[in-house]
Amino acid sequence: MKKSGFILIAVLITALLVGLVMTMGGCGKEEKKAVEEIEEGGTFNYCLTADPVSLDPAQLQESQGIEVGKQIFDGLMDNDPKTMELVPAMAESYEVNDDATVFTFHLKKGVKFHNGRECTAQDFVYSWNRVCDPATASEVAYHMSPIKGFKEFNEDKTATSLAGVKALDDYTLEVTLEYPYADFVYHTAHPVFSPIPKEVVEQYGSENFSEHPVGTGPFKFVSWTHEQQIVVEKFADYYGANKPHLDKVVFKIYQDDETAYQDFKAGTLHDAQIPQGQFEAAAAEYGERAIFKPMLGIYYYGFNMNVAPWKDNKALRQAFNYAVDRETLCNVVMEGQRVPATGIVPPGIPGYQAGAMEYTYDPEKAKALLEEAGYPNGQGLPELTLGYNTGVGHDTIAQFIQSNLKDVGVSFKIEGYEWGTYLDLIQGEQITFFRLGWLADYPIMDNFLYPLFYSENAGVDNMTQYKNPEVDELLLKARSTPDEDERIELYRKAEKLILEDAPIIPLMFYKTSRVYSDKVGGYIRTPDDLTPLELVYFKKAATTE
């Protein structure tokens, strides 16, 4: 998934695996070497836990779509798969002016789309304008909101293009922002910034491009059988230093992780999500091939702030926060493979503040707040239903939280939905108490606070419909503050205000819980829970020489 930034890593992996030597003989005997070699080619069967919403960069809003999209599309920049440091992808280099309002990107020459045509700066201009065009109705256009002219084009509809995006020549892209924003370059690693060929969009129609996606990534699209599988194959003319070893990747789509895990055990899949309740057993059985490591993400429950009983009742929302036993949830229910949330921004993000929120497990405090909210011992509350997406263990977590709330007098039902339907129902405000997670698009505090809590993102990623002018002001001021320390302090203040308002119940910080086959090498899991499949290969049978 991470492409040109993998040059050094790929070299190291190759050196370690191809050149690995193990002494086999004793004193006075000829040494023998066990050599593990890369088997070029083959088909990797990858576990996908839901059918993606879209494969159009303009609509890549959730992890399943991004997992596939990052194989098909590249952008200007990328993140190192281990450190998340920013590295060049299609950009050869870039410059920023003194006040961080103008970014000039110099593109690599000879980069080809999967249809064989060279990609130029004009393709970026077209693609970014398409994302921001109101007719596209992109759910992730807000990533481009700092660009000059975004509001006039996307929101006010008084302009017909982005004033701040210009192709100075075929290989030079100039981006002008509305305000100083040094972190903008991190945005360009998100797949919504990926270039796509205008002629393909026009051939199939903009609304159908998702079914025929064409990009510049290491794998090109072959087919999509909805609810079953997506097939991509190696792009022979890929520009990146890490050419794919695999001939093909088949993303097998599952509705539940238990079925996927059984298929992995049977050898049908080459990797899988480890189901809840089987973490310890998987670690014992698969050793290092069972991957458990922190991710840049948060798992939370949200309240729709537009409707009763959540609207205008902070005490009620806070009561729910105090009623939740995060320690037992993470250490017992999740077998120690999640971290109790201490705020919104997870560890690993610069600016993370331990203990950002005051909510601890305190049933008595929860009861007192319920009384303050007008619902003593939960009496008088309307019938509540918690919604979640089915298939990946969210029901077990919901049942635990249901028990926690029952202990303070609050009852609610739980109901599961298919992923795509579930998102539509939340955005349509038909589900008003819900489970969601958020994984970093880029490793900065802004990515956890601006999308989820800025007022103008209400109904997009701000699913709680949260609106607080003071928080908005802090977020916008932080974005335009060049000094990193000052910028982080503003984000920290915003985070604390949001937590005080309690539009969500932060539950856990994620960990990866994935397992892969002993037949493959080069498999890693990034901090944003992706696997760069151009690094993955099948092993040749071990030989000695």
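**Entry 1: the model.** I am working with a predicted model.

**Entry 2: helix α2.** I looked up how much of α2, residues 63-72, is buried. I found 9 of its 10 residues buried, so the helix is largely enclosed by the rest of the structure. Among the buried ones I noted Ile66, Val68 and Ile72, and also Glu67 and Lys70.

**Entry 3: α9 and α11.** I reminded myself that two packed helices are described by the angle between their axes and the distance between the axes. For α9 (residues 314-322) and α11 (residues 363-373), I read that the axes come within 8 Å and cross at roughly 165°. That angle makes α9 roughly antiparallel to α11. I also wrote down that their crossing is left-handed.

Which residues make the contact? On the α9 side I listed Ala315, Leu316, Gln318, Ala319 and Tyr322. On the α11 side I listed Pro363, Lys365, Ala366, Leu369, Leu370, Glu372 and Ala373. I sorted the residues of this contact into 9 nonpolar, 1 polar and 2 charged.

**Entry 4: Asp123.** I found Asp123 in helix α3, which covers residues 121-132. Is Asp123 buried or exposed? Its relative accessible area is 6%, and a residue counts as buried under 20%, so Asp123 is buried.

Next I checked its surroundings. Leaving aside neighbours within four places in sequence, Asp123 is in contact with Phe113, Arg117, Glu118, Pro195 and Ile196. Its side chain also reaches the backbone nitrogen of Thr120 at 2.9 Å. Last, I looked up Leu173: this residue and Asp123 are 50 residues apart in sequence, and 10.0 Å apart in space from C-alpha to C-alpha.

Note on methods:
Residues numbered from 1 in each chain as written. Predicted model: local features only at pLDDT ≥ 70, side-chain atom pairs only at ≥ 80, totals over all residues. Heavy atoms only, no water. Buried < 20%, exposed > 50% of the residue type's maximum accessible area, 1.4 Å probe, protein only. Helix = DSSP H or I, 4+ residues; strand = E, 2+ residues; numbered from the N terminus. Axes fitted to C-alpha atoms, helices over the stretch in contact; angles between N-to-C directions. Parallel < 35°, antiparallel > 145°, perpendicular 65-115°, else oblique. Left-handed = near helix turned anticlockwise from the far one by under 90°. Contact = heavy atoms within 4.5 Å. Nonpolar A, V, L, I, M, F, W, Y, C, P; charged D, E, K, R; others polar. Polar contact = N/O pair within 3.5 Å; in protein donor to acceptor, adjacent residues only side chain to side chain.
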